[in-house]
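Hi,

Here is the structure I promised to pass on. Have a look at it first, and then read my notes below.

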Amino acid sequence: YLAARNEFRQLIAIDSSKYAGWESLMQSEASLQDWNALLNESSRALELFPLQPVPYLFKGIALSQLKQNEKAVKAFQAGVKLVSGNDALLTQFYSSLGDAYNQLKEYSLSDEHYEKALRLDPNNSYVLNNYAYYLSLRDKDLDKAEKMAKKGAELDPGNPANLDTYGWVYFKMGNYPKAQ
């Protein structure tokens, strides 16, 4: 990803009018988890392409990772309005809003956005896992959290985060043998 990032930066230096280069650059930054660079480059991309939703998503992700969740929510909200005909992208926006609102302790908004994401993609193991985990932290709807955690673990059994959440929900329910 480091080599790709350098190539995309050179491409943009030569011709910044090609949106595909910007999106590839932002994907490279996200893969490298270089949140400051992603924030900078997504902001620059938005100056050139304010009607493209993906730079808003990347900007929001960078802001979330930098613990600037109020700003992240604004970026996600701006970008989600631009999505048309792409349920996968819309699911990413709703899931990201769910994550950011949870960090802001705005739980009803968090739950609302996870529900929107699951209506679009009921088999999204990431959304199922995060939603179940955050519900369990609040000791809310543990039966629902257990069902989502189970489904997430079944959909992606090799993902240790899903198995951890599944066990954690059972722990929160007081079912220690199943938690183990």
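α4 crosses α5 in a left-handed way (the near helix is turned anticlockwise from the far one by less than a right angle; clockwise would be right-handed). Before you go on, this is a predicted model, where local features need pLDDT of at least 70 and side-chain atom pairs count only at pLDDT 80 or more, while totals for chains, interfaces and linings use all residues. Residues are numbered from 1 along each chain as its sequence is written, and side-chain values use heavy atoms, with hydrogens and water left out.

Back to the pair: helix α4 covers residues 53-65 and helix α5 residues 69-80, and they pack at about 165° with axes 8 Å apart. (Helices are DSSP runs of H or I, at least four residues, numbered from the N terminus; axes are lines fitted to C-alpha atoms over the stretch in contact, and angles run from 0 to 180 degrees between N-to-C directions.) So α4 is roughly antiparallel to α5, a label for angles over 145 degrees.

Now zoom in on Ser64, which sits in helix α4. Ser64 is buried, with a relative accessible area of 18% (buried means under 20%, using a 1.4 Å probe and protein chains only). Leaving out neighbours within four places in sequence, Ser64 contacts Asn69, Ala72, Phe76 and Ala100, where contact means heavy atoms within 4.5 Å.

Cheers

Terms used:
Helices (H or I, at least four residues) and strands (E, at least two) are DSSP runs, numbered from the N terminus. Angles under 35 degrees count as roughly parallel, over 145 as roughly antiparallel, 65 to 115 as roughly perpendicular and the rest as oblique. Buried means under 20% relative accessible area, exposed over 50%, partly exposed in between (1.4 Å probe, protein chains only).
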